[in-house]
Amino acid sequence: MKILFVITGGIAEYKVVEAVRFQIKAGNQVRVVMTSMAERFVTPLTFSTLTNNIVYDDFDSDTENPVAHVALADWADQIVIAPATANFIGKMANGIADDFASTVVIASHAIKKVLPAMNVNMWNNPSVQRNMKQLRDDGVLILEPDNGLLAEGYSGKGRFPSSDVVNQFINDPQNKILSGKRIVVTAGGTREAIDPVRFIGNKSSGKMGFAIAEVASQLGAKVTLITGPTKLKITNESKIKRIDIESVADLQEALDQNISGADVLIMAAAVSDYRVAQISDHKMKKDDFNGKLSLELVENPDVLASLKRPKSLKYVAGFAAETNDLLVNASRKIIKKNLNMIIANDVGNPQIGFNSNENEVTIIRPNQANIVISKNEKKVVAEKILKLVAEEID
Ligand SMILES: Cc1cc2nc3c(=O)[nH]c(=O)nc-3n(C[C@H](O)[C@H](O)[C@H](O)COP(=O)(O)O)c2cc1C
């Protein structure tokens with residue numbers, strides 16, 4: 001593993017010397033970037049001696065490479081920002097790249113881990129908490145600081161955690177639990193055309209499916225995301241194959257073409273059960289119907305039932321969005337559709353479900369106790385779902 005430590009100017013820096021040494025002894029390749037404030041606490045000489053490499057602190061640190069920030073960003077499998085100052089967290093959360101360290105971080109697709117440490121009042125400042133939330137939303141992994149006595153004599157939350165906790169966090173294989181796996185995720189709502197400008201759609205925003213795709217990619221999976229129309233953008237675009245579809249027929253075709261070799265299929269798309277029997281080839285005029293327009297609808301094929309499941313496909317999970325009798329309806333679906341997992345969510349509740357950033361779900365699996373994931377950000381819900389999937393396909 002290639003670990004890039006980005007060291008910023010906090011008093012806990014001396015503890016990071018041990019963490020760097022630990023990772024080198026564990027056989028990892030380690031390089032160090034320091035902010036100029038960080039160099040006032042511990043000298044670069046300490047880290048260059050430990051890593052047997054130069055310490056990068058400016059755009060001209062590497063005389064052989066004029067674009068060292070991009071080279072380092074590409075080199076790293078993992079970037080560990082420790083200790084992370086309130087200032088640096090703010091820069092990361094807001095896309096600021098005004099020095100070498102922040103530019104490397106912004107240029108990298110690698111997994112990012114942030115270990116904040118600061119005075120309790122700084123930690124509790126609403127701006128810092130806002131920035132922390134943004135980092136979580138961006139998929140950055142966080143090791144929360146400890147409670148306890150702080151360097152300046154204060155007591156409270158803000159302490160850099162003990163070396164055992166820090167080393168475990170940096171080495172935690174959870175980050176790559178889906179490495180080598182291919183996952184197909186469907187997201188968003190389908191649209192069935194009525195005429196060239198109108199359609200039958202639904203309220204699905206795609207947020208849950210996108211969260212699953214992004215977290216699965218962060219966990220090491222190769223992800224194909226098949227999505228209905230949505231304004232959402234993938235944050236780690238270069239790592240996820242995105243296919244945009246409209247109707248159930250498009251979805252079916254995209255699945256047929258991309259399912260080969262997949263280990264896992266997660267159906268988070270809200271699929272239309274019916275489509276218009278005869279799509280008008282011209283825009284229908286209001287006055288043509290004497291005040292009453294009837295549309296004949298025909299049932300769409302069951303996408304999962306008609307899918308030819310390849311041998312590689314070990315796990316299929318679906319969502320059941322219900323407004324009533326949630327668990328009964330979801331349990332029926334698991335058998336009818338031959339699923340390994342159903343994630344049931346109550347879309348009747350406006351605080352969760354469609355278009356919300358948060359979700360609360362019940363996970364149902366055959367012959368296993370149900371698991372309730374209480375109201376949480378969709379990314380957190382996605383991570384919990386994917387961890388269960390990873391355990392079962394291992
Ligand atoms: C003695 C001293 C200790 C500091 N400790 C911390 C700290 O633990 N956490 C923090 O967020 N800032 C701390 N600061 C403030 C940062 O060094 C300051 O915000 C600086 O601008 C951070 O720059 P950087 O993020 O580029 O490294 C400390 C400053 C001094 C002078």
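Ile142 is buried, with a relative accessible area of 18%; buried here means under 20% relative accessible area, exposed over 50%, and partly exposed in between, computed with a 1.4 Å probe and protein chains only. This residue belongs to strand β6, residues 141–142. Its C-alpha atom is separated by 44 Å from that of Pro301, which lies 159 residues away along the chain. The model is predicted, so that local features need pLDDT of at least 70 and side-chain atom pairs count only at pLDDT 80 or more, while totals for chains, interfaces and linings use all residues. Residues are numbered from 1 along each chain as its sequence is written, and side-chain values use heavy atoms, with hydrogens and water left out.

Taken along the principal axes, the C-alpha atoms fill a box of roughly 80 × 45 × 45 Å. Of the 394 residues, 49% count as buried.

Strand β6 takes part in an open sheet of 6 strands, ordered β3-β2-β1-β4-β5-β6, in which the pairing is parallel. Two strands are taken to pair if DSSP finds at least two bridges between them. The edges of this sheet are β3 (55–56) and β6, each of which pairs on one side only. Within the sheet, β1 (residues 2–7) and β4 (residues 78–84) pair in the parallel sense over 4 bridges, and Leu4 stands opposite Ile79 in β4. Strand β4 also contains Pro83, and the peptide bond that leads from Ala82 to Pro83 is cis, with omega near -20°.

The ligand is surrounded by 14 residues, of which the closest are Gly9, Thr35, Thr85, Ala86 and Asn87; a residue belongs to this shell if one of its heavy atoms lies within 4 Å of the ligand. Helix α4 (residues 86–93) supplies the largest share of the shell, 3 residues. By class, the shell divides into 8 nonpolar, 6 polar and no charged residues. In this division Ala, Val, Leu, Ile, Met, Phe, Trp, Tyr, Cys and Pro count as nonpolar, Asp, Glu, Lys and Arg as charged, and the others, Gly among them, as polar.

A backbone N or O atom of Ala86 lies 2.8 Å from a ligand oxygen atom, and an N or O atom in the side chain of Asn87 is 2.9 Å from an oxygen atom of the ligand. A nitrogen atom of the ligand lies 2.9 Å from a backbone N or O atom of Ala117. Taken alone the ligand exposes 640 Å², and the protein buries 67% of that area, as given by the Shrake-Rupley method with a 1.4 Å probe.

Asp146 has Arg159 in β8 as its bridge partner. The hairpin of β7 and β8 has 5 residues between the strands, and in this hairpin Gly153 takes a positive phi near 100°.

A second open sheet has 8 strands in the order β13-β12-β9-β14-β17-β18-β19-β20, with mixed pairing. Strands β13 (240–244) and β20 (371–377) stand at the edges with a single partner strand each, so one side of each is left without a neighbour in the sheet. From one strand to the next, the twist averages 20°. Strand β14 (residues 264–267) pairs with β17 (residues 315–322) in the parallel sense over 4 bridges, and Met267 stands opposite Gly318 in β17.

Asn258 is located in helix α10, residues 248–258, and is buried, with a relative accessible area of 8%. Its side chain makes a polar contact of 2.7 Å with the side chain of Lys241. Such a contact is a pair of N or O atoms within 3.5 Å; within protein, one must be able to donate a hydrogen and the other to accept it, and residues adjacent in sequence count only if both atoms are side-chain atoms.

Two loop residues other than glycine have positive phi values. Asn290, with phi near 50°, sits in the loop between β15 (274–276) and β16 (297–299) and counts as exposed at 76% relative accessibility. Asn367, with a phi of about 60°, is found in the loop between β19 (358–364) and β20 and is exposed, with a relative accessible area of 83%.

Definitions and conventions: Axes fitted to C-alpha atoms, helices over the stretch in contact; angles between N-to-C directions.
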